[in-house]
Amino acid sequence: MIKMLQKIYRFLLIAIILGAGVAAEKTGFIEYIFDPDQYPLIFRFFLQHLYLVGYSMAMATVIGLVAGIMLTRKQLRRYAGIIMYIISLGQTIPSLAVLALGMSFLGIGTTPALFALTIYSVLPIARNTLAGITAVPPPMIDAAKGMGMSPTRILFEIELPNAMKVILTGFRIALIINIGTATLAFLIGAGGLGDLIFSGISLMRTDQLLAGAIPVTLMALAADFLCEILGVLLISKGLRLAEE
Amino acid sequence: MNGTLDFIVGNYQKVIHLTCEHILVVGLALAIAILIGVPLGILIAKRENLSKQVLVMANVLMTIPSIALFGLMLPILAIWNLGLGKVPAIIALILYSQLPIIRNTYTAIKNVPPEIVDAGKGMGMNRWKLVVEVEVPISIPLILAGLRTAAVMNIGIAAIASYIGAGGLGVLIQQGINRVYPEMILSGAILVSFLAIFVDGGMAMLERILTPRGIKIQRRLVG
């Protein structure tokens with residue numbers, strides 16, 4: 001039964017890929033992306049998208065990490081519960097609503113989009129940093145204290161490396177959501193690949209629609225892959241071995 | 001803010017209609033997603049060699065941005081004239097719900113203490129009975145947590161689905177942006193957010209109600 005299911009699974013996968021190829025040809029998508037009038041435009045939208053994602057993710061990572069670390073320090077630890085609650089409440093707010101709120105307070109353009117994207121991406125990163133550091137076993141920190149490490153050294157040599165896996169999970173969630181939300185940023189006038197998708201839907205032009213949808217999908221999958229590589233690079237070898 | 005409130009009160013019929021539409025789309029998708037996801041989660045917990053493929057597949061689906069998924073489905077569904085409207089929205093919501101539901105069901109069933117399963121076997125339960133009477137009831141809290149994640153996420157995606165004609169509260173945001181009518185945008189954004197927060201709270205309550213009494217007593221004894 002398992003063998004059969006696996007065979008069906010493989011067959012389905014091949015059928016999907018073939019079907020996608022035929023659909024891409026039939027809808028004129030391939031012609032569209034190689035059209036000399038179109039591909040510079042697609043490329044520009046792609047760069048715009050990358051700019052939105054890169055800029056907001058860079059800011060969100062810095063803010064999220066700093067906020068997460070600050071909330072685990074002794075002086076601020078008692079606020080951690082409340083902040084966690086606010087963050088989880090903020091995460092239930094839909095992405096389109098966040099963008100719409102950004103637009104109604106800051107107007108249209110790239111700035112409100114960057115602002116909304118940053119705020120929305122800070123939440124998972126800050127939450128996971130907080131959760132990761134809190135989950136570091138206290139005996140480990142005590143041992144480090146016993147060895148005479150200063151709080152700063154404990155943070156960089158004990159707490160952060162041990163929390164890295166959870167932090168990276170948060171970063172991955174933030175990045176994937178960010179790429180999806182940046183697609184919607186077109187609606188508030190920030191451009192990006194969403195331009196092609198939304199115009200394609202409005203004009204019922206499948207080729208244009210796919211020229212936006214396929215690069216965005218590939219970008220998200222590439223980001224997922226990038227996070228996996230980051231995991232190999234940033235998580236210490238010992239922890240990875242311990243997991244296996 | 002006053003303008004937003006006035007807008008909601010002034011258009012209460014439309015607002016109620018859109019809210020119901022939103023809940024209907026999300027609820028229907030969630031119901032179908034449970035019927036697919038929970039059995040699949042149980043299956044891969046029992047057949048370990050399938051688990052990786054199914055979870056990776058669900059993970060890839062989750063990675064695709066929602067509006068791009070609508071776009072990718074449009075040419076395929078257009079063959080049956082279903083490219084726009086509620087059908088593609090519901091299909092996309094079902095696909096997105098799979099990861100949280102399957103993953104949580106899988107983890108929950110895997111984490112059922114083996115001695116409890118052994119006890120069930122000792123009482124002469126067959127495999128079917130073990131699943132229905134022992135493993136699933138013990139897994140319910142975690143399965144419901146997965147449903148809660150899926151429900152909140154689906155409310156957000158259903159808002160975007162208004163752009164492919166699925167209706168719902170996203171319509172207020174969409175039309176508000178088109179007409180540069182801040183009160184309309186704000187009321188849409190606020191209502192969708194409230195709906196998500198409300199459903200999140202409701203599902204948390206449901207989790208508490210549906211958890212079997214034995215587990216609650218055990219938790220109290222341990223904690």
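This is a predicted model: local features need pLDDT of at least 70, side-chain atom pairs count only at pLDDT 80 or more; totals for chains, interfaces and linings use all residues.

Guide: We begin with a term. A residue is called buried if 20 or more other C-beta atoms lie within 10 Å of its own, and exposed if 12 or fewer do.

Visitor: What makes α5(A) largely enclosed by the rest of the structure?

Guide: The count of its buried residues. Ten of the twelve residues of α5(A) pass the cut-off, so the helix is largely enclosed. The buried residues are A:S95, A:L96, A:A97, A:V98, A:L99, A:A100, A:L101, A:G102, A:M103 and A:S104.

Visitor: What covers the buried residues of α5(A)?

Guide: The cover includes α6 (110-134) and α8 (151-184) of chain A. It also includes α7, α8 and α9 of chain B.

Visitor: How do you know what span is expected of helix α5 of chain A?

Guide: The expected span is 1.5 Å times one less than the number of residues. Helix α5 (residues 95-106) of chain A has twelve residues, and the expected value is 16 Å. From its first C-alpha to its last the helix reaches 16 Å, close to that expectation. After α5(A) comes A:G107, with a positive phi near 85°.

Visitor: What makes helix α6 of chain B hardly covered?

Guide: The count of buried residues among the nine residues of this helix (residues 114-122) is zero. B:G124 follows α6(B), and its phi is positive, near 85°.

Visitor: Why is B:A68 called buried?

Guide: B:A68 has 26 other C-beta atoms within 10 Å. The cut-off is 20 or more, so B:A68 is buried. B:A68 sits in helix α4 of chain B.

Visitor: Which residues is B:A68 in contact with, leaving aside its neighbours within four places in sequence?

Guide: A:T183, A:I197, A:A213, A:V216 and A:T217. A contact here requires C-beta atoms within 7 Å.

Visitor: How many residues of chain B are in contact with chain A?

Guide: 36 residues of chain B are in contact with 37 residues of chain A. On the side of chain B, at least two residues each come from α3 (48-63), α4 (66-77), α7 (127-160), α8 (170-179) and α9 (182-210). The largest share, ten residues, is supplied by α9(B). By class, the side of chain B that touches chain A has 25 nonpolar, nine polar and two charged residues.

Visitor: What makes a set of residues a nonpolar core?

Guide: The members are buried nonpolar residues joined through C-beta atoms within 7 Å. The largest such core has 122 residues. Those that touch the most other members are A:L99, A:A185, B:L93, B:I155 and B:A158. The largest share of this core, 13 residues, comes from α7(B). As for B:L93, not counting residues up to four places away in sequence, B:L93 touches B:V26, B:A29, B:N154, B:I157 and B:A158. In soluble globular proteins, nonpolar side chains tend to be buried together.

Visitor: Which domains does the assignment give for chain A?

Guide: The assignment gives domain 1 (1-34) and domain 2 (36-243). The C-alpha centres of domain 1 and domain 2 of chain A lie 31 Å apart. Eight residues from domain 1 and eight residues from domain 2 take part in their contact. On the side of domain 1, helix α2 (residues 29-34) of chain A gives the largest share, five residues. The residues of that side divide into five nonpolar, two polar and one charged.

Visitor: How many helices and strands are there in chain B, and how many in chain A?

Guide: Chain B has ten helices and zero strands. Chain A has eleven helices and zero strands. Of the 223 residues of chain B, 44% count as buried. In chain A, with 244 residues, buried residues make up 39%.

Visitor: How do you know how confident the predictor is in chain B?

Guide: By pLDDT, which runs from 0 to 100. The mean for chain B is 86, and 99% of its residues reach 70 or more. The model scores ipTM 0.80 and pTM 0.85.

Key: Residues are numbered from 1 along each chain as its sequence is written. Chains are lettered from A and ligands numbered from 1 in the order in which they are written. Helices (H or I, at least four residues) and strands (E, at least two) are DSSP runs, numbered from the N terminus. Domain bounds come from an automatic or database domain assignment. Two residues are in contact if their C-beta atoms, placed from the backbone, lie within 7 Å. Ala, Val, Leu, Ile, Met, Phe, Trp, Tyr, Cys and Pro count as nonpolar, Asp, Glu, Lys and Arg as charged, and the others, Gly among them, as polar.
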